[in-house]
Amino acid sequence: YGVTAMGKGGASIANPVDATAAVNNPAGMGAVGSRVDGNVMATVGQLRSNVHGAKNSDDIFLLLPGFGANYQYSPDVTLGITAAGYGAGVDYGKPIPAFGTSKVKSELAQLILSPTATYQFAPGHYLGFSVKLGYESLMLHGLENFGASNDTDHALGIGFGIGYLGAVAPNLRLGLTYSSPVWFQKLDAHDDIIPNGQLNAPQQAGAGLAYDWGDWTFAFDYVWLNWASQKTFNNSLVEGGAPGSGHGPGFGWQNQNVFRFGANYKVNERFQVRAGVSLANHQVPNNEATLIAICPCNQPKSVTTGLTYTVSKNLEVSGSYMYDLRHITKGTGPSEGTEAGGELHMLAVGFGYKYLRWTLPSSGT
């Protein structure tokens, strides 16, 4: 998250560079100073599905915003806020007979606001804490055979994130971070199909390293995504309980281990280029692919590139491109006869405006 982090495959837990850093590691806000950053990411591509011979496709175009502001309150304290958007969905424009009689359309949108404070407890060592305030909207259409109503509902949520960032050796930084689930209110319009009526964002934890070597910076992250702790994501479609109950059917997702690698090269005082890769295991097992047609988000390998141009001492503009490698999940066992997937291209552009850091007044003034 963040246009510059995206250009490095997302590797940013130990390498914060802008005021969206709190999304990746709250402690990173302590190292970026006073600045404002904004970006927008466009996602385009084609997703395809085949459910027992019913073939469908959807041309995706999705815009997601990002924003961050940070203030160096004192030499050791920063206060800031970030906003990150998340989204997924399909619109096939026709029914899937195995699912229902209405046109299949799904859309999940989430916005997370993260007020964040950091404290530098020793030179070059930061602790950070974020409160995560969430809003989500879920629309499901065309799933009558599973007992779902064609409706849209909204919910508010809350969670938290903590992090550490520190220089552990010359030119080497370590980052550690943990985010709780974002616990959302019950989606009453969907409690007939979603376990307990809740769709929470999963907890996650991560560690990162960053190393500066001349004009180069190399970064590596490991992130654990705990989908298994959330019933809606983790419960099997053949869980056994009644739809909407705690033991009712869900998406059958499994936990993910994500490895992110990135490199940044400073060409000169104005121009930087970067590249990266993100690799993860599939969160949708082949034997749990029955519902993947309504959420074909199983492209776990990505390559990225990006650049930053410094317009002035205060203003910089950045751009990044990410390609999610094409992947088709083919159902097995109870999901036999279902397949879905595709490929996605993501382009992000953003700006950063830096203010002067807070400094101690000179003696005698």
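Student: How many nonpolar, polar and charged residues does the lining of the second largest cavity have?

Tutor: Good place to start! Keep in mind that this is a predicted model. Here is the general idea: rolling a probe the size of a water molecule over the atoms shows where empty space is left. In this case, the lining of the second largest cavity has five nonpolar, five polar and two charged residues. That cavity has a volume of about 60 Å³, and its lining includes Tyr1, Lys8, Pro16, Val17 and Asp18.

Student: How many cavities of 30 Å³ or more does a search of the whole structure find?

Tutor: The search finds two.

Student: Which residues lie nearest the centre of the largest cavity?

Tutor: They are Val3, Asp18, Asp37, Phe351 and Gly352, out of 15 lining residues. Two or more residues of this lining come from each of α1 (3-7), β1 (35-51), β14 (315-330) and β15 (338-354). With four residues, β1 gives the most. By class, three of the lining residues are nonpolar, eight polar and four charged.

Student: And the second largest pocket: what volume does it have?

Tutor: About 670 Å³. Its lining counts 27 residues, and Pro16, Val17, Arg35, Gln272 and Glu316 are the closest to its centre. Here β10 (216-225), β11 (256-266), β12 (271-280) and β13 (301-310) are the elements giving two or more residues.

Student: How does the lining of that second largest pocket divide by class?

Tutor: The lining of this pocket has six nonpolar, 10 polar and 11 charged residues.

How values were computed. Residues are numbered from 1 along each chain as its sequence is written. This is a predicted model: local features need pLDDT of at least 70, side-chain atom pairs count only at pLDDT 80 or more; totals for chains, interfaces and linings use all residues. Side-chain values use heavy atoms; hydrogens and water are left out. On a 1 Å grid over the protein atoms alone, a cavity is a set of points where a 1.4 Å probe fits but cannot get out, and a pocket is an open set with protein on both sides within 12 Å along at least five of seven lines; lining residues have an atom within 4 Å of a point. Grid points are joined across faces, edges and corners, and a volume is the space filled by probe spheres set on the points. Ala, Val, Leu, Ile, Met, Phe, Trp, Tyr, Cys and Pro count as nonpolar, Asp, Glu, Lys and Arg as charged, and the others, Gly among them, as polar.
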